[in-house]
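Subject: Structure handover

Hello,

Here is the structure for your files. Please look through the sequence and the model, then read the notes below.

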Amino acid sequence: MDAVRPCPAGSRHRRTVIVTTVPAAVTAVVLLWLSGALSGDLPAAFWMTALLAVLVDARPYLVPGRRASAVVLPSISFTFAIALAWGAAPAIAVQLVAVAVAGVRLRHSLRRTLHLGLQHTAALAAAAAVAGAASLRLDDGPGWWDTVLICAAAVSWIVARYAIAGLVRGLTTDGRPPARRRRGHADLLATSALLLLGPVVLVAAGASPALLPLALLALHAVHRMVRWAGESERASRFDALTGLPNRRTLQAVMAERAPDRRRALLLLDLDRFRAVNDALGHGAGDRLLTRVADRLTAVVPAHDLVVRLGGDEFAVLATRVEDPASARRIAEHLAEAFSRPFPLDGTPVELSASIGIALQSGRRDGSTLLREAESAMYEAKQRGDQMAVHGPGAAEHTPDRLTLVADLRDALRHDPPGDGIVLYYQPQIAIATGEVVGVEALLRWRHPRRGMVGPAELLRAAEPTPVMRLLTARVLEEVVAQLARWRDDRRPLRAAVNVSARDLHAGDIADRVGELLRRYAVPAEMLQLEITESALMADPHRVLETTTRLNRMGVAISLDDFGTGYSSLQHLRRLPLTEVKIDRSFVLGMATDAGDAAIVRSVVGLAESLGLRAVAEGVEDEVTWRLLAAAGCHTAQGWFHARPMPAADLADWLGRYRPVRPGNRGEIDSASTVKTSSDEGAGWPPSPAKR
């Protein structure tokens, strides 16, 4: 048996045209015959009006939206006039033919054309009923009362049409409540203008049918208004570059109720996208973004939403998610789409994305969901992973944590330096000579209600937010100002400051540092910036660019917490580093764990071979101090010598300190830890987290 060949699209369309137009024409003929139009009872003005109604619907007006009621037919100006003057039957007859023409022009399905025809039939019947019941009389020219009746008939038309549209939509959605969409009022405004143009058409027809074509100018003006409104609506809800829905659309969709399903928001941030802009130009970057949008649209099902949030950030709202595992499978599917290079001007561009996942359920709003997805994406970048799921118990997003960030922002903007947010300084000791070669600036915050907030909690709250940049700006200015005071007191010290991934990715930190050094006349070699491996892995290209600029200025760069991140050793070779800091987790166990001791010795040897300083953190006893000396470590930092202390206490400590070398056991006591303030007592953790 021969296989059944699929029907070509052209053949299907021709069948739809026949099935649509033939019944409409037959129905129109019947209605016109019943109304007496075919027997010559209706004047030439009717036929001219009917002809124009059919002709103008060859170019219907489209308002952005998916509902049938979003189609505005210019023929309603003429059919409304016919209903007022000659009754419902001839008006409905003409309207059905016009609807069939519009359906063919828009390539609507038979179902949607019937839907549109039903709406307009009910609307004209309602308008004619109001006009007839109120005894509208237009023979002697309309008066003020007639104007009121015409407006009432127009309102009846609008109410009847949208009532039928809502009824049909309710019957075809299994009783589910329709999704609430914020829509513009372009369709309602255009419909009102066209209906109220009907009486003008009627008066012109009564004066002379030759005046009727002049109504086309007014229709053109309405068409331009609808088109402008549609373009404005689209511009507000769609991204101009990629054509994808934008952040506003995403928020509107997330605001809709979805009681019968769970949704997940997946936020994608392109990795190393800036390298494309730098290498190929912003035009190529824009074309690459459109390629990304096309690929995401191709791999995401139609029932989900693909959005461009701005810059190199995209989002996917998945509407059929059961649990975090299924959300991860969707993320893996998206990541797989990035495994193939993107063709760009003949050059295949390798691209990846960090994906943050947040699940929506219950009454959580869209803003919360978006914030959680952004935090998860940032966490993925920090860890060097491709994706991360926001956990339901994540402390970063509790109301308490959000309040803490808000209080921090307020303190940074209004509190004077040293009032609540203060800096402590921990000395760094050259192991070979025992001399103080520098300090590290560590952050403390005396919250007015919470008391002392530890640096670990403070940074966990601030780092995923823009407040982190405000905090870094405050710390940098205070440290550089302190360096200037030490220089004036003839105690030149090098100070190290930790900077976050957000600071390095912003790109302007080099400009800010340069401006501060010039303002306070501080030599660049007195300042050192510490970066972490997690910040490095989030975007190595951007970090390399920023650190290179700082290095050229003379600012030293230190790789902090070395050994705990995910970077490869090539970064030690590529980055313009001055030192590596061995993480305290290895140093603390040197005396009792042979593995930790071996790791420390290996890092010291690696640093030595690359010409870098090796700094050990967390040195808290004499045994560790001597083991580091035996390993050849250059610098030590920890409570064995001094706790972190305010700048004033540091000056006193420096006055009492005498250099201690590993061989001078008798001098150990003179270098022991000093207690500098009441908040550094027993309540403070013995291994303070650092800024």
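Axes are lines fitted to C-alpha atoms, for helices over the stretch in contact, and angles run from 0 to 180 degrees between N-to-C directions. Helices (H or I, at least four residues) and strands (E, at least two) are DSSP runs, numbered from the N terminus. This is a predicted model, in which local features need pLDDT of at least 70 and side-chain atom pairs count only at pLDDT 80 or more, while totals for chains, interfaces and linings use all residues. Residues are numbered from 1 along each chain as its sequence is written, and side-chain values use heavy atoms, with hydrogens and water left out.

The helix pair:

Helix 10 (residues 273-280) packs with helix 20 (residues 540-553) at an angle of about 60 degrees, and their axes are 8 Å apart. Helix 10 is therefore oblique to helix 20 (under 35 degrees is roughly parallel, over 145 roughly antiparallel, 65 to 115 roughly perpendicular, the rest oblique). Arg274, Ala275 and Asp278 of helix 10 make the contact with His541, Arg542 and Glu545 of helix 20 (contact means heavy atoms within 4.5 Å).

An open sheet with mixed pairing is formed by 5 strands in the order 4-5-3-8-9 (two strands pair if DSSP finds at least two bridges between them). Strand 4 (305-310) and strand 9 (387-389) are its edge strands, each pairing on one side only. Strand 3 (residues 263-271) and strand 8 (residues 352-360) run antiparallel and are joined by 9 bridges. Ala264 stands opposite Leu359 in strand 8. Helix 9 (residues 247-255) packs on the sheet and touches strand 3, strand 4, strand 5 (313-318) and strand 8.

Regards
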